[in-house]
Amino acid sequence: SSPFSLFWLQKTLILSAAIMTEAMKDERFDGVLINIAQQLGGVNNILDVYFGFLRRKTDFFSGNGDPKEAERLVLERFRAQKALFDKEHAEQQRNDSIRAEKAKAAKAKAAKEAEEAAAKPKIYEITDEEEQADKAKAAAAGAGAGAGAAAAADGKDKGKLVPNAGNGSDTPDYSWTQTLSELEVRVPLKVNFKAKSRDVVYELSGNRLKVALKGHAPIIDAPLHAKVKLEESMWTLEDGKSVVISLQKFNGMEWWSKVVEGETEINTKKVEPENSKLGDLDGETRGMVEKMMYDQRQKQMGGMTSDEQKKHEMLEKFKAAHPEMDFSQAKMA
């Protein structure tokens, strides 16, 4: 076939200038272009094929006798797309910064709320008979229910996975880790080109998560295991190869057994918080977490928590200052 006229090509570009900004955002051909990119395997190959088409089928390179006209047209469209990219990238960075600040504030708030939720010790008097009765009742209940509860727990946990190193799981399509207050889900895109943010389909509602690549079947599309805080959750595209999602739990004091419904559950009884990551926290949050971990160890050993120790020390000082008072029936709780 005869080459297209460069004159008409130039006329088309001029007539399209008014709508070029919208055209640059047109996503109708993304699926076709992604399939082409997968077949060609790289940007250099895509450009070679496109300019080869112009060389073979049009007079793009020599249409009006000016060898620099084609170069001018290419640079003009490149600069227009680059300006749009710079604007979108700057906006994305601002949004990422805002989300990161919100996530940091949410972590500190969750740690503070967890500390404040601890029951405050109280001092009250009981008789010797009441104390003995309470101990006997607790011992009897524990002895009667212990074996049955253990057997029921073993049966309930049968088939559940052992958590990975991040207290989550590694599935065929994605992997996830968690802390008490948040989850991180890493979704590899499994394509042979670097994806852009606009190539990713990400939808998060209060009870459902969807992740996909445009033109492809969804990688995740299912109800969430539990509610999340939408305004404090976020996602990023890492190296054009993986979608990394940070989900802030609505209930910041529980371990999730799965991210979405239909996934094989992990055994949350085998979750082991990672102590070595305390150094990543700011001073105030780290102090709160260390205090909570210390209190947990003390409870496991039957000892007093840090708050109970303070109250005990205060009581001892009060007793020493008031020897005339009888504290023999006082009990810490």
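The legends below describe close-up views of a predicted model.

Residues are numbered from 1 along each chain as its sequence is written, and side-chain values use heavy atoms, with hydrogens and water left out. Because the model is predicted, local features need pLDDT of at least 70 and side-chain atom pairs count only at pLDDT 80 or more, while totals for chains, interfaces and linings use all residues.

**View 1. The largest nonpolar core and its contributors.**
This core has 30 residues, and Val185 and Ile245 have the most contacts inside it. A nonpolar core is a set of buried Ala, Val, Leu, Ile, Met, Phe, Trp, Tyr and Cys residues joined through side-chain atoms within 4.5 Å. Buried means under 20% relative accessible area, exposed over 50%, and partly exposed in between (1.4 Å probe, protein chains only). At least two core residues come from each of helix H3 (30-40), strand S4 (182-188), strand S5 (200-204), strand S6 (208-213), strand S7 (220-223) and strand S9 (242-248). Helices (H or I, at least four residues) and strands (E, at least two) are DSSP runs, numbered from the N terminus. Apart from neighbours within four places in sequence, Ile245 is in contact with Leu183, Glu184, Val185, Val187, Tyr202, Leu209, Val211, Met234 and Trp235; contact means heavy atoms within 4.5 Å. In soluble globular proteins, nonpolar side chains tend to be buried together.

**View 2**
S4 and S9 are joined by seven bridges in the antiparallel sense; two strands pair if DSSP finds at least two bridges between them. Val244 in S9 is the bridge partner of Arg186.

**View 3. Helix H7 and its packing partners.**
H7 (residues 283-300) has 18 residues and reaches 26 Å from its first C-alpha to its last, close to the 26 Å expected at 1.5 Å a residue. The expected span is 1.5 Å times one less than the number of residues. Buried in H7 are Thr285, Met288, Lys291, Met293, Asp295 and Gln298. The buried residues of H7 pack against H5 and helix H8 (306-321). Gly302, with a positive phi near 80°, follows H7.

**View 4. Glu115 and its contacts.**
Glu115 lies in helix H5 (residues 67-116) and is partly exposed, because its relative accessibility is 29%. Not counting residues up to four places away in sequence, Glu115 touches Met288 and Lys291. The C-alpha atoms of Glu115 and Met288 are 7.2 Å apart, although 173 residues separate the two in sequence.

**View 5. A salt-bridge network of Glu69, Arg72, Glu76 and Arg77.**
The structure holds eleven salt bridges, each a side-chain nitrogen of Lys or Arg within 4 Å of a carboxyl oxygen of Asp or Glu. Glu69 and Arg72 form one with their closest N and O atoms 2.8 Å apart; being three residues apart in H5, they are separated by about one helical turn. Arg72 also meets Glu76 in a salt bridge (3.2 Å, N to O), and Arg77 bridges to Glu76 at 3.4 Å. Glu69 is buried, at 12% relative accessibility, whereas Arg72 is partly exposed at 40%. Glu76 at 35% and Arg77 at 27% are also partly exposed.
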